[in-house]
Amino acid sequence: MTRPKTVIIRYTAVNRINHWITAICFVLLVLSGLSMFHPMLFFLSGLFGGGQRTRAVHPWIGVLLLISYLGLIIQFWRENLVHKDDIAWMKSIKYVAINDEEHVPPVGRNNAGQKMVFWSMTLLIPVLFFSGLVIWEVYFGAATSIPVQRVAVLIHSLAAIAAIIIWVIHVYAAIWIRDSVRGMTQGYVTPGWAWRHHRKWLKELAAGEHGKPTIRNRP
Amino acid sequence: MSDLQSQDYVRRSASTMTPPSARSHEDQVAKLIDVSRCIGCKACQSACMEWNNLRPEIGHFEGSYENPADLGPSVWTLMKFAEYENEQGNLEWLIRKDGCMHCEDPGCLKACPAPGAIVQYANGIVDFISDKCIGCGYCVKGCPFDIPRINKKDHKSYKCTLCSDRVSVGLEPACVKACPTGAIMFGSKTDMKDWAGERIEDLKSRGFDKAGLYDPQEVGGTHVMYVLHHADKPSLYSGLPDKPQISPVVMAWKGVIKPLALIGIALAALSGFFHWVTAGPNEVTDEDEAQGERVLREAESEKSS
């Protein structure tokens, strides 16, 4: 396999740090949240030092996640705006699934699937945050009535399940589309990766539409 | 209460396996509170504090005989006073001893996420095993009677134990022992129902033709029952629920959603795995790299020309 000399910066250091803070918070929230959701998973509370500590720490991680994800929204909302190309991409989803990207219309910086992950989380994380506040017993236990809290806890569970499923899709897609993970760890992708998965974006880059420093020598 | 006896559980919170229940040859017990005989002296409240070593903080006078103002982590039973003007225009003072009803199908236990933090003994008593409580407040949401209260200091939930420690050694609950008028009785649930039947007959003969027993079947019956002179309108008694039931929202959350969620997450992960096994990874080829390099090179030469 040829080793390209030039690579393309896909995510800046700020992008990556912000992404991984979000990711760590999300994983911790999934583990602590599931321990309080299903008895079979209560053992996960041991990872946090027991049930009391899990209950105490979970909402604070949630606060951190919201702040962190707001950073991601600020950095990524523009490139995730829905475009009419996205509909064409969605229609060719069966070719995407079988890795036959020659039958998929050229994709810009993000494809419709990536945008779906972004906007789903952008919706779900604030829903989780606010429904979580209502059931944060220590500080807001008396702020709302019990019937409101019952609804909040149901919404919180449903939103969490939806977010976990979206997250599974996100993680699998990163593993499936090889070398994507490197884009978010070391920050760069190869021209071949861009050609294969985001051809329109590559052409925009080549035309200098995204500024010069995005293309550099391989580290 | 402490975990005095752990081999006669019929229900155990957040447990998917059968709880230890070998020593379950016990009568179902019940406390019968005859509202029509209560004089509102609060001896039961004092006895509860005394036996359980509870000392709620001294509050303020709120313009009511109710004191303290509400149930709390250290207030497990509370006399509630309601003034009711009946159809004849006469004032009735309806006094009710509030506290845990010890439901046959307890909403608190259903909602609790901590294994073994809430248990039900074979005699029907619902008890909080406090060292296992994580302080999440789910029991508060599960309860149809608004009973459990979370202590802000130790983050544990508390409520009436029906003096499970006394009952386990053959004594009646402290409130029963203290009651000077015999308004609070304790015994097997069948005996208490029989006794209630006699009381209701007596009340009916004295003009309370709506008198009846409060043993709501929506929660499978309760192990604390009331004789009410207005059994058709329990809500007259400081908001005793007419039809108490575990909220359908809680039932959905703790019922279908739990298994469906795990199945959904597992399916998502398995779909990913089997996609990997069949379609396999989507790898960049040498051809892609050549094409990618070409695009960049061409753009570069265009700019320099």
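This is a predicted model: local features need pLDDT of at least 70, side-chain atom pairs count only at pLDDT 80 or more; totals for chains, interfaces and linings use all residues.

Setting aside neighbours within four places in sequence, Ile118(B) is in contact with Ser13(B), Cys108(B), Leu109(B), Cys112(B), Val126(B), Phe128(B) and Cys139(B).

**Nonpolar cores**

- Ile118(B) also turns up in the largest nonpolar core, which has 81 residues.
- Along with Val35(B) and Cys112(B), Ile118(B) is listed among the residues with the most contacts inside that core.
- Strand β11 of chain B, covering residues 224-228, gives the most to this core, with five residues.
- There's a second, separate core of 17 residues, and Val7(A), Ala112(A), Tyr188(A) and Trp195(A) are among them.
- As a bit of background, nonpolar side chains tend to be buried together in soluble globular proteins.

**Where the chains meet**

- On the chain B side, 45 residues are in contact with 47 residues of chain A.
- The elements of chain B that give two or more residues to this side are α3 (138-142), α7 (248-254), α8 (257-278) and α9 (286-304).
- Of these, α8(B) brings the largest share, 11 residues.
- Sorted by class, the chain B side has 25 nonpolar, 12 polar and eight charged residues.

**Chain A at a glance**

- Chain A has 10 helices and three strands, and its pattern along the sequence reads β-α-α-α-α-α-α-α-α-β-α-α-β.
- Its C-alpha atoms fill a box of roughly 60 × 35 × 30 Å along the principal axes.
- Out of 219 residues in chain A, 34% are buried.
- Among contacts in chain A with a separation of 6 or more, 68% link residues 24 or more positions apart.

Notes. Residues are numbered from 1 along each chain as its sequence is written. Chains are lettered from A and ligands numbered from 1 in the order in which they are written. Two residues are in contact if their C-beta atoms, placed from the backbone, lie within 7 Å. Helices (H or I, at least four residues) and strands (E, at least two) are DSSP runs, numbered from the N terminus. Ala, Val, Leu, Ile, Met, Phe, Trp, Tyr, Cys and Pro count as nonpolar, Asp, Glu, Lys and Arg as charged, and the others, Gly among them, as polar. A nonpolar core is a set of buried Ala, Val, Leu, Ile, Met, Phe, Trp, Tyr and Cys residues joined through C-beta atoms within 7 Å. A residue is buried if 20 or more other C-beta atoms lie within 10 Å of its own, exposed if 12 or fewer, and partly exposed in between; C-beta atoms are placed from the backbone.
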